[in-house]
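Open the model in your viewer and follow the stops below. Each one says what to select and what is there.

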Amino acid sequence: MRINRDKTRLENSVRISIRDAALCLAAKDRVIPTLDSLVQETGLSAAQIEAYYPTMDDVANEISKVAEAMFLDLEDAMPSPGPLAQMLDELADLRARYYEAAADFKHLGDAGGHFLPSVATSVAIRSARYRASLHELLEPHFLLSTDDMVAKVEFITSWESWRHLRGLQRLSVDQAVALMKSILTAVASDVDQPVLAE
Amino acid sequence: MGSGEGVMSVESSNAGVDQENVREKVRKAVFRLMHDDRKIPDPKNLSEKSGVSEDLINQMYPTIEDLAVDITDVLDANLAPQYEAFPEPGDLQDMLAELIEIRINLYEETAFVRTYGEVSEHMFPKIREKRAIRDGLFRARIFDMLQPHFGQKTDDMAAQVEALVSWEFWRHMRNIQRLSEEKTRRIIGNLLQQVVRAP
C-alpha cells in the first residue's frame, strides 16, 4: 500500500512540475510552450511528458483548471442588488480587481486561445457565465432593453477593454477604473426605458 | 473577415525578386500553419509548409522574432492607407460616425492577421513597440480632433473615444460576444454618442 501511495505522490509531483514549467515558460518567459521547450525546461524526456499530457491542449486544460480555482471568487463576484449607479460602480471595481489579479493567466489565454481548443472553450464558458450574471443583475432595471444593455456593459467591463486601457493606453488602475465608470455612467444615464428598480 | 492573403504580399524591386518571393512563401506558410493547422511556426514545419529549405529559412530569419517583424512590416506597409485614414475636420457627430466607419472597416478587413498578430505581441518586444508607436500616433490624432470640442476635458474624452474604437473592444464584440458586424457598428456608434453627450 505504501508503495502505491509513494508512486501516486511521485506521479503527481512530476505532473505538477510539467505544468509549472509550462506556466513559467508562458507567463514569465512569454514563450508558447512546446514539447521541445518542456523537455528542455523539465529535464524529462518527450515520452515521459507525453505520458502525463498527450497533447499541449491537455497542459493548457490543466493550467485553466488551476487558474479557475485560484480566481473563482474574484471572477464570480457581482454587486449586491441596489440602485443602478451604485451597482455599476461596484461592478467596475470588482472586475478591475479580478483582471489585475489574473492578468498573467488572461494574457496567456489570449495567446493560447488561437491554438488550443480547450482554452477557447474555457473562455467561451466563462464569458457566458458572466453574461448570465449581468443579465440577472440588469434585468430589473432595463426590462425589454436588457439584452442591449448587457451587451454594452459586458463590452465595457470586459477583459479585452481592461487590456486595452492598461496595456495599450498605459493607464493606471485608478485611471482605468475611472474611465470604465465614466462610460458606464454615460450609458446608464441615457436609457429610455423606465428604471423600475429605482 | 478576410483571409489575409491580400495584405500579405509586397512590391519587390528587380534585384530582390527571388529573395522576396521566397520570403513571401514563408510568410504565407506562417498563416497557413497558424490558421489551418493551429500550430506554432518553427523552421521545421515552415519548411514543410513553404517548400523552402530549413537552412534558407534560418538564414533569412535567424530568430522567429525576425520573421514576426518582417510579417508586421509588410502588413503595416500594405495597410498604411487604412491605418492613416481619418475623418476630415467638421461636425463632431459626423467625424465620430466616420471614425467608427473607418476603424471597423479596418478591423473587418484585417481581423484574420490581427488576431494572430496578438500572439506575436505577447511574445515579442519589437512587435509590442511597433504597435505602441502606431497607437500613439492614432491617439494624437484623436486628441487633435476632439480638442476644439472638449477643451480641458479632451484628455478624458480622447481616452474614452480611443477605447471605444479600439481593436480590443471590436474583438470583444465580434469574437467573444459573437455579435454581427452590423450590431457591433450600431452598439459602438451608440456608445460613442452617449459618451460625448455625457460631459
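Helices (H or I, at least four residues) and strands (E, at least two) are DSSP runs, numbered from the N terminus. This is a predicted model, in which local features need pLDDT of at least 70 and side-chain atom pairs count only at pLDDT 80 or more, while totals for chains, interfaces and linings use all residues. Residues are numbered from 1 along each chain as its sequence is written, and chains are lettered from A and ligands numbered from 1 in the order in which they are written.

**Stop 1: a loop in chain B**

Select B:R178. It sits in the loop between α9 (167-176) and α10 (181-197) of chain B. Is B:R178 buried or exposed? B:R178 is exposed, with 10 other C-beta atoms within 10 Å. The cut-offs: buried is 20 or more other C-beta atoms within 10 Å of the residue's own, exposed is 12 or fewer, and partly exposed is in between, with C-beta atoms placed from the backbone.

**Stop 2: confidence in chain B**

The mean for chain B is 87, and 90% of its residues reach 70 or more. Where pLDDT is low, the predicted coordinates should not be read in detail.

**Stop 3: where the chains meet**

Show both chains. The predictor gives the complex an ipTM of 0.76 and a pTM of 0.80. The contact takes 30 residues from chain B and 31 residues from chain A. On the side of chain B, the elements giving two or more residues are α6 (92-123), α8, α9 and α10. That side divides into 15 nonpolar, seven polar and eight charged residues. Here Ala, Val, Leu, Ile, Met, Phe, Trp, Tyr, Cys and Pro count as nonpolar, Asp, Glu, Lys and Arg as charged, and the others, Gly among them, as polar.

**Stop 4: two helices of chain A**

Select helix α6 (residues 117-142) and helix α7 (residues 146-156) of chain A. They pack at an angle of about 130°, with their axes 9 Å apart. Axes are lines fitted to C-alpha atoms, for helices over the stretch in contact, and angles run from 0 to 180 degrees between N-to-C directions. α6(A) and α7(A) are therefore oblique to each other. Angles under 35 degrees count as roughly parallel, over 145 as roughly antiparallel, 65 to 115 as roughly perpendicular and the rest as oblique.

Residues making the contact include A:Y130, A:L134 and A:H135 of α6(A), and A:T146 and A:V150 of α7(A). By class, this contact has seven nonpolar, two polar and three charged residues.

**Stop 5**

Zoom in on A:H135, in helix α6 of chain A. A:H135 touches A:T146 and A:V150, not counting residues up to four places away in sequence. A:H135 is partly exposed, with 16 other C-beta atoms within 10 Å.

Finish at A:L143, in the loop between α6 and α7 of chain A. A:L143 has a positive phi of about 40° although it is not a glycine.

How values were computed: Contact = placed C-beta atoms within 7 Å. pLDDT = per-residue confidence, 0-100.
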